[in-house]
Amino acid sequence: RRRFLKEVEALPHKMHQRIWLDAGTAEGAETIANARALRDALTTKGWKEGEDLAYLEALGGEHNEQSWGARFGDVLRFLFPVS
């Protein structure tokens, strides 16, 4: 029901946090469309891809632990960069 999208759109301003957003292409067209809409809403609020927003469409990725685990190292490095 696009709850996260609605919550981001309702934000009065960008929050100071890093966000990793991804979806696997094997999760379906609707999931990818929703992920893109959420990415776009975040960038509209002021998040910048490559700085405090990471967005990935994992080719062939599914909604399961194996797919998530394959990219989890990248998630941790982005969310918790070495200063």
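**Entry 1**

I began with L42, which touches V8, I19, L21, W47 and L53, leaving out residues up to four places away in sequence. Contact here means heavy atoms within 4.5 Å. Before going on, I noted that this is a predicted model, where local features need pLDDT of at least 70 and side-chain atom pairs count only at pLDDT 80 or more, while totals for chains, interfaces and linings use all residues. I also noted that residues are numbered from 1 along each chain as its sequence is written, and that side-chain values use heavy atoms, with hydrogens and water left out.

Next I asked which residues of the largest nonpolar core touch the most other members. They are V8, I19, L21, L38, L42, W47 and L53, out of 15 residues in that core. A nonpolar core is a set of buried Ala, Val, Leu, Ile, Met, Phe, Trp, Tyr and Cys residues joined through side-chain atoms within 4.5 Å. Two or more residues each come from helix 1 (3–10), strand 1 (19–24), helix 2 (29–45) and strand 2 (53–58). Helix 2 gives the most, with six residues. I took helices (H or I, at least four residues) and strands (E, at least two) as DSSP runs, numbered from the N terminus. In soluble globular proteins, nonpolar side chains tend to be buried together.

**Entry 1: R39**

I stayed in helix 2, where R39 lies. Is R39 buried or exposed? R39 counts as buried because its relative accessibility is 18%; the cut-offs are under 20% relative accessible area for buried, over 50% for exposed and in between for partly exposed (1.4 Å probe, protein chains only). Apart from neighbours within four places in sequence, R39 is in contact with L21, E49, L53 and Y55.

**Entry 2: Charges over rings**

I then looked for charges over rings, meaning NZ of Lys or CZ of Arg within 6 Å of the ring centre and within 35 degrees of the ring normal. K14 lies over the face of W47, 5.7 Å from the ring centre. The charged end of R18 sits over the ring of F78, at 4.1 Å from its centre.

I found A26 in the loop between strand 1 and helix 2. A26 counts as partly exposed because its relative accessibility is 46%. Not counting residues up to four places away in sequence, A26 touches G60, G61 and E62. P81 is 55 residues from A26 along the chain, and their C-alpha atoms are separated by 29 Å.

R2 lies in the segment before helix 1. Its phi is near 60 degrees, a positive value in a residue other than glycine. R2 counts as partly exposed because its relative accessibility is 41%.

**Entry 3: The whole protein**

Last, I stepped back. I counted three helices and two strands, in the pattern α-β-α-β-α along the sequence. The radius of gyration is 13 Å, close to the 12 Å that the globule rule gives for 83 residues, so the protein is as compact as a globular protein of that length. That radius is taken over C-alpha atoms, and the rule is 2.2 Å times the number of residues to the power 0.38. The C-alpha atoms fill a box of roughly 35 × 35 × 15 Å along the principal axes. Of the 83 residues, 31% count as buried.
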